[in-house]
Amino acid sequence: MANSFDVIVIGGGHAGTEAALAAARSGARTLLLTHNIETIGQMSCNPAIGGIGKGHLVKEIDALGGVMGRAADAAGIHFRILNRRKGPAVRATRAQSDRQLYRQAIRQFVEAEPNLQIFQQPVADITVAGDRVTGVVTEAGIAFGARAVVLTVGTFLNGQMHTGLTQQPGGRAGDPPSVRLAARLREMAFAVGRLKTGTPPRIDGRSVDFSRLEPQPGDDPRPVFSFIGTIDDHPAQRPCHIARTSEKTHDLIRANLDQAPMYSGQIDSTGPRYCPSIEDKVVRFADKTSHQVFVEPEGLGTHELYPNGISTSLPYAIQVPLVRSIAGFENARITRPGYAIEYDYFDPRGLRPTLATRELGNLFFAGQINGTTGYEEAAAQGLVAGLNAARLVQDAAPLIPQRSEAYIGVLIDDLVTRGTQEPYRMFTSRAEYRLLLREDNADLRLTPVGREYGLVDDARWARFETRAAAIETEMSRLGQTRPDRDQRNRPALIELLGKAPDPDATLLDLLRRPEADYDGLMHALPELDAGCTPDVREQAEIQAKYAGYIERQQAEIDRQAKAEQTALPDSLDYARVHGLSNEIRQKLAEFRPHTLAQAQRIPGVTPAALSALAVHLKQRA
Ligand code: FAD
C-alpha cells in the first residue's frame, strides 16, 4: 500500500510529537496525523513546562533524546528552580514559556526529522483485522496502512466544554472534538471513563495595575532545561507576579455556585485534585480568606496574561467581577473566558507496561487519554509508546523503564498497575527511590539507555561522555586526595571544620561532613581546586553527601530485582492458585499485574499471597 507506514501517531500534542520523533529516530517510517499542523505542540492550558515532579520528567525525556526540554529552553521566558533550599531529590526546574515560541520549536523538531511525515486530517476510524490494527482512516476517507498505531488525542474524545450552564462540543477552545473516533473506540473492548479539567480566563496585561502585584523575578543564575542546552538558547526574560483573591472574590463565587457546572450537577466527572478550580478551592478551604494567583505572561509578543490559580467554569458574566475583585485587577479586561472540559479516557490498566493495549497488541495509547494530566506526563508516555511501537515493528525488545530507574517508570507503572480515577499528575512523593531519581542525574541514568535504543544522536552522546568522564575523574580524585597527610593544610581545615580531620581522610570523606560543602572546601584549599565546571561540582557534592542513603536505596532495589523480573503471564488463572483468599483472587484477576513486584504494589495484596503466587509460578515452570 502506497500510503503505508511502520508507525502512525494520531495527534500532534505533547504525547504525539514525542511519540512520532521517538519512533522515527529509532528507525521506523513514521506518519504524524493531526487535526491541524498549526497546533502541533500547542499548550492547551498554562504556558509553562516543568515544576515539582514534572521537571524530573522533562529532564528524563531530554536525557532519552526527546525534545520537550530543548523546546522549553527555546521558549522559556522565566526560569526557576523550585524547592531550591530543599534536598536535591525534590529540586525541580520550571520554565514559563512563550506559547508561540514553544509551538514553533516543537514544529521545527518535527519537521527536521527525516523519517517522519506529517499529514493534517482528523482520524475517524482505526481499522482492525483480528487482534491487530491495520491502519487508520481520516474523516475525509483517506486510508493509511500501519504496522503499529499510537493514539494520543488528549482531551478531544467526545470533548464537551462548559462555561456556566452553557455547553458546547470541543477538544479545547478553538478546536473541534473527536466524535467519530470516540464512537469507534467505544465500540472496541476498552474500558472508557470521563474526566474533566479546566482553565482560567486570560487577561489583557494593559488593563492590570502591576504596582499592586508582587513581582517574582526568575532565578539568577538561570537554570537550563536540556542537558545539551545553554543559557544562550533562551529568549528575552520576563518577570511573573503574584496577586491574591479577596473575600469579595470568595463571596461572589459562593453566591453563584448554582451556576458552576460542577455544583449544578452538569459535570459529574472528576477533575485534577492538585489543580482545582477556584470554585473548588473556595468550597474545600472555606476558612481561607485569600488564595495566591500567579500572574504569568503568555509570551514576549503579547500582552495576554495567564492568571494561574483561578481556573473557573462560572458564566462569563460572573468571571468579569470575579477577576476584578482581585487587587490590581480592578479594571482588568478578559481576553478569553475560562472553561471546563470533559472528555473520554481509557482505564490504563488495559495497557501493558510498553503502553500497548492488551486487546490489540500493536495499538499504543499515550497521554491524557490514559487518565493523566499535564504536558510532561503526556510527553513521557509518548516517548515510550512511540519507541515501543517502532521496536515492535522491528521485532526488537521494548523499553520498560523501571520504578528504580526513572520517574517515567513510576508514571507508567502507577498507571498500568493501579489505574486512576482522577487526572493523574506526577509528584516526587510518588517515587520510592527518589534520592536516586534526581533531575541532576537524569542523563547519567538514562542517556546510555537512550543511546542503546537508538534515540540519542552522536552530538548528545559526545556531550554526555565528556560530562560523565569529568564527573568520574573528579569523584576518583576526591577519593584519592588526602589533604591533611603532610599537615600543610591543617590550619585551613581546622578553620573550616572546627577541628583537625583524621590525617587519612580524603577530600571525599571531608565533603561528607556536615560542616563542609564543595565550594567551601575548595575555597579553603585553593591549590586542590581542580577548576571543575559548576555541574561537575554539583554532582560531586550530591554524590558525596548522599552516598549512604543512595547505597541503602540501591540495596533495596537489588532486593526487589527478582520480583520485578518475575513475569505473571496474561493467561494466569488466579482461581487455580492455592492459598489465595477470594478477595485477593478477585483483585489480581481485575488488576492483572505483569510482574510479581506489580502484584505486590496492588493495595491489599499480602506477603502470604505473594509467596503463594511465587510457589504457583515455580510449579507451572
Ligand atoms: P493534547 O495536548 O490534547 O493533544 C492532542 C492532539 O491530538 C492535538 O494535537 C489534537 O489536535 C489531536 N487530535 C485530537 N483528535 C484527533 C483526531 N481524531 N485525529 C487527529 N488528531 C487529533 N494540564 C495540567 O497539567 N494542568 C492544568 O491545569 C490543565 N488544564 C487544562 C485545561 C484545559 C481546558 C485543557 C484542554 C487541558 C488542560 N490540561 C492541564 C491538560 C494538558 O493540556 C494536557 O495534559 C496535555 O495537553 C496532554 O497532552 P496530549 O498530548 O495527551 O494531548
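**Reading burial, pairing and packing**

Tutor: Let us begin with a covered helix: helix α3 (residues 68-75) is mostly covered, as 8 of its 8 residues are buried. Please keep in mind that this model is predicted.

Student: Which residues of α3 are buried?

Tutor: They are M68, G69, R70, A71, A72, D73, A74 and A75. A residue is called buried if 20 or more other C-beta atoms lie within 10 Å of its own.

Student: How many residues of strand β9 are buried?

Tutor: In β9 (residues 143-151), 7 of the 9 residues are buried, so the strand is largely enclosed by the rest of the structure.

Student: Which strands are joined to β9 by bridges?

Tutor: Strand β1 (residues 4-10) runs parallel to β9, and 6 bridges join them; I10 stands opposite L151 there. Strand β20 (residues 363-365) also runs parallel to β9, with 3 bridges, and in that pair L151 stands opposite F365. Strand β8 (residues 132-138) runs antiparallel to β9, again with 3 bridges; V137 has A143 as its bridge partner.

Student: What do β8 and β9 form?

Tutor: They form a hairpin with 4 residues between the strands. In the turn, G141 has a positive phi of about 85°.

Student: Is the pairing of β4 and β5 parallel or antiparallel?

Tutor: Strand β4 (residues 76-82) and strand β5 (residues 92-97) pair in the antiparallel sense over 6 bridges. Within this pair, L82 stands opposite A92. Strand β4 is mostly covered, with 5 of its 7 residues buried.

Student: In what order do the strands of the open sheet lie?

Tutor: The order of the 6 strands is β14-β15-β16-β17-β13-β18, and the pairing is antiparallel. At the edges are β14 (214-216) and β18 (334-336), each of which pairs on one side only. On average, neighbouring strands of this sheet are turned by 35° against each other, direction ignored. As one example of the pairing, 2 bridges join β13 (residues 202-204) to β17 (residues 304-308), and D204 stands opposite E304.

Student: How are two packed helices described?

Tutor: One gives the angle between their axes and the distance between the axes. In this model, helix α6 (residues 247-255) and helix α9 (residues 316-324) pack at an angle of about 165°, with their axes 8 Å apart. Angles over 145 degrees count as roughly antiparallel, and α6 and α9 are therefore roughly antiparallel to each other. Their crossing is left-handed.

Student: How many residues surround the ligand, and which are the closest?

Tutor: There are 38 residues around the ligand, and the closest are G11, G13, G154, G367 and G374. At least two residues of this shell are supplied by each of α1 (14-25), β2 (30-34), β12 (192-199) and α10 (375-393).

Student: How do the residues of the shell divide into nonpolar, polar and charged?

Tutor: The shell holds 13 nonpolar, 23 polar and 2 charged residues.

Notes:
Residues numbered from 1 in each chain as written. Predicted model: local features only at pLDDT ≥ 70, side-chain atom pairs only at ≥ 80, totals over all residues. Buried ≥ 20, exposed ≤ 12 C-beta atoms within 10 Å, placed from the backbone. Pairing = 2+ DSSP bridges. Near = placed C-beta within 6 Å. Nonpolar A, V, L, I, M, F, W, Y, C, P; charged D, E, K, R; others polar. Axes fitted to C-alpha atoms, helices over the stretch in contact; angles between N-to-C directions. Parallel < 35°, antiparallel > 145°, perpendicular 65-115°, else oblique. Left-handed = near helix turned anticlockwise from the far one by under 90°.
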